[in-house]
Amino acid sequence: MKKRPFDLVSPFAPAGDQPKAIAQLTKNFRAGSKRELLLGATGTGKTFVMANIIKELKLPTLVLAHNKTLAGQLYGEFKQFFPQNRVGYFISYYDYYQPEAYLPSSDTYIEKDSSRNDDIDRMRHFATSQLLEGNDCVIVASVSCIYGIGSPESYREMSVELHRGMELPLDRLCRQLTDIQYERTQFDLSRGKFRVNGDIVEIHPAYEEKYVVRLEYFGDTVEEVLIVDPLEGRRIRSLDTVKIYPKSHYVAEQETMARAITGIRAEMEQQEEQFKKRNKLIEAQRIRERTENDLALMESVGFCSGIENYSRYLTGRAPGEPPPTLVDYFGKDFLLIVDESHVTLPQVHGMFNGDRARKEVLVEYGFRLPSALDNRPLHFDEFTQRWDRVLFASATPREYEIGLVSQVTELINRPTGLLDPVLDLRPAREEVPALFDEIVKETRAGGKVLVTALTKKMAEDLTDFLNERGVRARYLHSDIDAMERLKIVMDLRRGLFDVLVGVNLLREGLDIPEVTLVGILDADKEGFLRSGDSLIQTIGRAARNLNGRAILFADKVTDGMKKAIDETRRRRRIQEDFNTAHGITPRGILNKAILDIEEHVPGKGKKPLKKLARKELARRIAELESEMKRAAESWDFEYAAILRDRIFEYKGLLGEE
């Protein structure tokens, strides 16, 4: 593995509490500490502190986030901090996912249904391939990274390594590429495909978007290894060696696949016999038919839909043994940063049981073999056993994290001198009209507003109410796919609308310095969304603006509200004392870069329009037209107009050709 330093790029030097926090955490880790906790108030620069810790420790780093929106934002920030290093993005590649399930009460089988995001799949492969290439990796991941994937050993061993001057007959190269799931084509050289044209072989790696590997042969000798532009065919650079990693994480050598097929067939026959002994003849017939179909595909093409359910055999694990996950690709010596740990760790803790309950029903009724139970997320204990050095980061850490560390490193004072928001309590019985008046006041002054409701229906209804009265509003909740959620946040920052209404997604980690007002509806409805920690996080969304304030609509002050109010006022006093002692005049966060969704979000890299093929132009037009219709249906006419202009631009290029 190549050793490279982490080159941190930032126009700012550490300030406020940042220098003290960086020095303390670095010192503790170097002294042998394995667990550290960073209690960072909103707007204090936790991500910048994390980046400095990574730079100092020089360790491959896994940054764990609790949702895709926050993971996308962190990915963009770390990409900017470490432009010369390997920054990856690893989240679930499903935009839509309905897991396979069976409901015995109604005899209803629900087949797995999903919409797979090819761009995110590419980034997952980029992350795993880069972890095997060098130590200078920062991988930002959602909690889906604790689900099983293929083993790093198989992934590495099945890679095809190519050298200039090596003897490798063309037919053998084609077999090797086919074995790692690459598809041969004569026309469309898209990701995960290769084509042969005389003495030239072009390979589009499964984890790359911007280049193609070209091999130039002389007889059976690889004479040149080149990186070329996939559109123009223009030579970018020459290489001595290149490694092509598999298209799927579930690949295996022929010998391993043969052993797996033998083991799967033996388990199938055993399970079939068990069903027959229990007089469950339908289940016996079902498990044989379904398994035989999968085995036929595995024998012929080395792959089948749902192959992950047989991963125990492909990785050589014993029953009950934990699956390999992204964490295993880091090896033993790495840094784990758990962002918003008070939310992320409970999510990790609860993932195993839900997955297990669904699959046990599938096994009991003959839809899956018992070995499918080993295609699972890690137990929480299994996850913690894989930790090396861990940095927990949260504005509201829980007792679990606090109990693991010898001291808490606080990050309260902001370099900007910004104070925590001014709090205002209003009666809940008048919340909508009062909120509307405040929104009008803020938006006329150029501010942006976040509003948190308790349910998706409330969020959608309030958005409609505001739009009908001339306020540019959109809503954000979990039914909106990951890429669109991140785009909505960035569109608010760009000024395409003024009010963002949400439920739970507005709490942790969203960095929107333009927000001047946070409105919290039904603040006294006690529960998870209105606990003290949740309210502190929500109030903190207005802590990045000089004029930030928060309104809590409630008819009584609950224990959660009291905790949030007291902590917010405590932090405000600490910052005021710090500002006085250092002669700091509070200033807002100005000119913070807005993440370009088409440049930083995986798979959305910009290409010059004139260089796009007609087929690609037509595809983009179709996608933009669908998005424009959705925007118009939700009354977001300004955004729809922007999309319309883009469509005209693309259609003009089609007419020119």
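Colleague: What makes the seven strands a sheet, and in which order do they run?

Modeller: This is a predicted model. In it, seven strands form an open sheet in the order E3-E8-E2-E17-E18-E1-E19. The pairing is parallel. Strands of a sheet pair through backbone hydrogen bonds.

Colleague: Why is one side of E3 and of E19 left without a neighbour in the sheet?

Modeller: Strand E3 (86-90) and strand E19 (408-411) stand at the edges. Each has a single partner strand, so one side of each stays without a neighbour in the sheet. From one strand to the next, the twist averages 20°.

Colleague: How do you know that E1 and E18 pair?

Modeller: Count the bridges. Two strands pair if there are at least two bridges between them. Strand E1 (residues 35-40) and strand E18 (residues 389-394) have five bridges, in the parallel sense. So E1 and E18 meet the cut-off. Take Glu 36: its bridge partner in E18 is Leu 391.

Colleague: Which helix packs on the sheet, and which strands does it touch?

Modeller: Helix H3 (residues 68-81) packs on the sheet. H3 touches strand E2 (61-65), E3, strand E8 (137-142) and strand E17 (335-339). The direction of H3 makes about 170° with that of E3. Angles run from 0 to 180 degrees between N-to-C directions.

Colleague: Why is Lys 58 called partly exposed?

Modeller: Lys 58 has a relative accessible area of 45%. Buried means under 20%, exposed over 50%, and partly exposed is in between. The value of 45% falls in between, so Lys 58 is partly exposed. Lys 58 is found in the loop between helix H2 (46-57) and E2.

Colleague: What makes the phi of Lys 58 worth a look?

Modeller: Most residues other than glycine have a negative phi. Lys 58 is not a glycine, yet its phi is positive, at about 55°.

Colleague: Is Asp 107 buried or exposed, and how do you know?

Modeller: The relative accessible area of Asp 107 is 54%. Exposed means over 50%, so Asp 107 is exposed. Asp 107 lies in the loop between strand E5 (101-103) and strand E6 (108-110). Asp 107 also has a positive phi, about 50°, although it is not a glycine.

Notes: Residues are numbered from 1 along each chain as its sequence is written. This is a predicted model: local features need pLDDT of at least 70, side-chain atom pairs count only at pLDDT 80 or more; totals for chains, interfaces and linings use all residues. Side-chain values use heavy atoms; hydrogens and water are left out. Helices (H or I, at least four residues) and strands (E, at least two) are DSSP runs, numbered from the N terminus. Contact means heavy atoms within 4.5 Å. Buried means under 20% relative accessible area, exposed over 50%, partly exposed in between (1.4 Å probe, protein chains only).
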